[in-house]
Amino acid sequence: MIIGLISDTHGLIRAEVINNLQGCDLILHAGDVGKNDIIERIKKIAPVDFVYGNIDKNNDPAYIDKIIKLNETNLYLIHNINDIKVDLIDMNINIVVYGHSHKSKIYKDGILYINPGSVGPKRFKLEPFMAKLYIMDNYGKNIYNLNTELKVNIEENIYEFERYKVEFIKIDA
């Protein structure tokens, strides 16, 4: 399964982002959408789950955070990682996808944390980035690193952990 990860569009969705989302089975938007027509546009590519961020006017609690269950993987989607109010371990969360800082980041602490970066207007001297999350089927061939350490290929912006591979993609601004 391939999941497109984007955040902080702030009302802008570039053609390059749309192109990179092609072929994804699911798209997750980690907030600061800016305009709801962005969600409608990416829904034409694949199913979408999203949360709102601090710039979004909708205060509906249903869109503050979300748990997405994909077979044996539980993802937690939130805009600001500092706003997590649930016990991720009790909820059996494997991966947290978040945004807000506009800076791509990945780390693990028993749980894999991924910030895809911002694909919206360039801010804070940070380059726009998005990510793709590849989830290996438990029943398929073991094609990813099954160690508990995060395996890094800096040259290709690829990170592997257990059944997961994350590819960060720089977007031309």
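A residue is called buried when its relative accessible area is under 20%, exposed when over 50% and partly exposed in between, with a 1.4 Å probe and protein chains only. The model discussed here is predicted, so local features need pLDDT of at least 70 and side-chain atom pairs pLDDT 80 or more, whereas totals for chains, interfaces and linings use all residues. Residues are numbered from 1 along each chain as its sequence is written, and side-chain values rest on heavy atoms, without hydrogens or water.

The protein chain holds two helices and twelve strands (DSSP runs numbered from the N terminus: H or I of at least four residues for helices, E of at least two for strands). Along the sequence, their order is β-α-β-α-β-β-β-β-β-β-β-β-β-β. Of its 173 residues, 49% are buried.

Turning to charged pairs, five salt bridges were counted, each a side-chain nitrogen of Lys or Arg within 4 Å of a carboxyl oxygen of Asp or Glu. One of them joins lysine 66 to aspartate 49, at 3.4 Å from N to O. Because lysine 66 sits in strand E4 (residues 65-70) and aspartate 49 in strand E3 (residues 48-50), this pair ties together parts 17 residues apart in sequence.

A network of salt bridges links Lys122, Glu127, Lys170 and Asp172. Within it, the closest N and O atoms of lysine 122 and glutamate 127 are 3.1 Å apart; lysine 122 is partly exposed at 46% relative accessible area, as is glutamate 127 at 33%. Aspartate 172 and lysine 170 also meet in a salt bridge, at 3.9 Å from N to O. Here aspartate 172 counts as exposed, at 52% relative accessibility, while lysine 170 is partly exposed at 39%.
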